[in-house]
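Dear colleague,

Please find below the sequence and structure that I am handing over to you. My findings follow directly after.

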Amino acid sequence: MASVNAAVQWNHVTFSVNGKTILQDINGTFLEGKITTLVGPSGAGKSTLFKLCNGLASADSGDILVAGKEIDSYAPVELRRMVGFAMQDATMVDGTVYENLAMPLTLQGKELTEDKANELLKLVGLPATISDQSTKDLSGGQRQKLSIARTLVNRPSILLLDEITSSLDRVSQQDVEALIVRINKQYGTTIVWITHNLQQARTIGDYTWVMINGQLVEAGESFLLDQPENDEVRLFVKGDNS
Amino acid sequence: MSYLSLAITLIFVIIPLVLSRTLNLGLEKDTLIATVRSIIQLLAVGYVLQLVFESEHLFYILLMIILMIAAATQNARKKGVQIKGITWKLVLTFITVEVLTQGILLGLSITPTTAQYIIPISGMVIGNSMVLSILFLNRFISEVETKSKETELILSLGGTPKQAVHKQLITSIQASTIPTIESQKTIGLVQLPGMMSGQIIAGADPLQAVLFQLLILFLLLTTAVVTSIMLGYLSYPTLFNERMQFLKLEKSKK
């Protein structure tokens, strides 16, 4: 992978919590404007990788370059607006759909216009009529779509999506899959997506990273999942039922 | 009241002891400890106060206040050990409410500059501030723990640490100060405040006792609000590092 168009480059990145190694010597690249899927068993360190990328945690050693610059050279707020992060359980704060959607701008003391809000809701396939509804009344799929829309308010150049389809039914999953492709094509956003569904990785992802036990064991174009070189990856792929 | 009369009032300690033993409530040991401690502590304070009042020396007054702050800090810090530097944060809070309240009372000549006024009022202010600190810390730690996902969400969207815990901070300030405000709404209707009752029993004019009690109530309102706000704003930054990352609270060692 060429480093000239690396959205995020990882050089020997290691991370541990209370002496327990979570990420070990991660080396690789998320290519700009591409969709990369992260797959691997639970506890492989995939979500932690996202936290490092969004600046919610810092690596113990190694370098992370975001858009060619050392991650720590960005102010935390600037980095987090540039690298959007939709969390696994689509956490919402108490309030309406609009209040949650507008949050990234409210935090900056700005206002999200009604037109812009409706445009974003439409983009993610939610009706504008739910704007005044409490987020408590939303279905799992609607929450995930709202979570993605909220992350887009900051117009991030990199979008991290953490298992956003895992709790959805097949129809909602397909909606979100189409949405990811649409965001990637429409805005040229670099997308990194953690999924447990290897079929999604094959069909949606341009590239795939396979992580096992805190290590990046194989990375390449998504068809690698059909012919893995690594024994651990082969076992992992074989054990997947999707 | 003579020591003999006080000895007779021990009946009021024997009643719960007998009830506890009869009904197997297991309260005997704590009741006895509480009784012995209260006798020793209050008698000691009584003798110390006698000494301080007689000498009227500023040094003794200051020493008493320092002891009060030290005891209040020691007691309240147990509830906030998960927050870094909680000891000095509490000390700073207690000093601030003490200086603020005594500054206004003495500065505007509302109360005389004598140990007889300064020490009991300081005791009420610091004691109240201690209870408020405990209420605040209990609630704040629980809010921070239960809303950690919301905190990380706000940070991840580009919010500052203050924005990330703002709701938890406000909820905790409200929860800790509401009891003080609510109790003032029914004061005099349900029970007479202890200090006012004490003054009336000691033979003071009831109206004078009421006026003084009102002064104390107003004082405690300021103490409550200032304590919670100050402790909150001193505490929340320690939940984050310089990269605006949320540091999970350590599990309390109970």
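Helices here are DSSP runs of H or I with at least four residues, numbered from the N terminus. In these terms, A:Gln199 belongs to helix α7 of chain A, which covers residues 198–204. Please note that the model is a predicted one.

A:Gln199 counts as partly exposed because its relative accessibility is 38%, and partly exposed covers the range between under 20% (buried) and over 50% (exposed). Its C-alpha lies 9.3 Å from that of A:Leu225, and 26 residues separate A:Gln199 and A:Leu225 in sequence.

B:Gln213 is part of helix α10 of chain B, residues 206–235. With a relative accessibility of 6%, B:Gln213 is classed as buried. Beyond its neighbours within four places in sequence, B:Gln213 has contacts with B:Pro193, B:Met195 and B:Met196.

Turning to the interface of the two chains, 26 residues of chain A are in contact with 16 residues of chain B. Chain A and chain B bury about 2,000 Å² between them, and carbon and sulfur atoms account for 54% of this area. On the side of chain A, A:Leu56, A:Arg80 and A:Leu107 contribute 29% of the area buried against chain B, more than any other three residues.

One of the salt bridges joins the side chains of A:Asp72 and B:Arg243, at 3.5 Å from N to O. There are also 12 residue pairs in polar contact between chain A and chain B, with both residues at pLDDT 80 or more. Two or more residues of the chain A side come from each of α1 (46–54), α2 (76–82), α3 (97–106) and α5 (140–152) of chain A; α2(A) gives the most, with 4 residues. By class, the chain A side that touches chain B comprises 13 nonpolar, 6 polar and 7 charged residues.

Within chain B, the assignment gives domain 1 (1–55) and domain 2 (56–239). The C-alpha centres of these two domains of chain B are 27 Å apart, and 6 residues of domain 1 are in contact with 8 residues of domain 2. The two domains of chain B bury about 630 Å² between them, with 77% of it on carbon and sulfur atoms. In domain 1 of chain B, B:Val52, B:Phe53 and B:Ser55 lose the most area to domain 2, together 74% of what that side buries. Between these domains of chain B, 0 salt bridges are counted, and 1 residue pair is in polar contact.

With kind regards

Conventions:
Residues numbered from 1 in each chain as written. Chains lettered and ligands numbered in written order. Predicted model: local features only at pLDDT ≥ 70, side-chain atom pairs only at ≥ 80, totals over all residues. Heavy atoms only, no water. Domains from an automatic or database assignment. Contact = heavy atoms within 4.5 Å. Buried area = accessible area lost by both parts, 1.4 Å probe. Salt bridge = Lys/Arg side-chain N within 4 Å of Asp/Glu carboxyl O. Polar contact = N/O pair within 3.5 Å; in protein donor to acceptor, adjacent residues only side chain to side chain. Buried < 20%, exposed > 50% of the residue type's maximum accessible area, 1.4 Å probe, protein only. Nonpolar A, V, L, I, M, F, W, Y, C, P; charged D, E, K, R; others polar.
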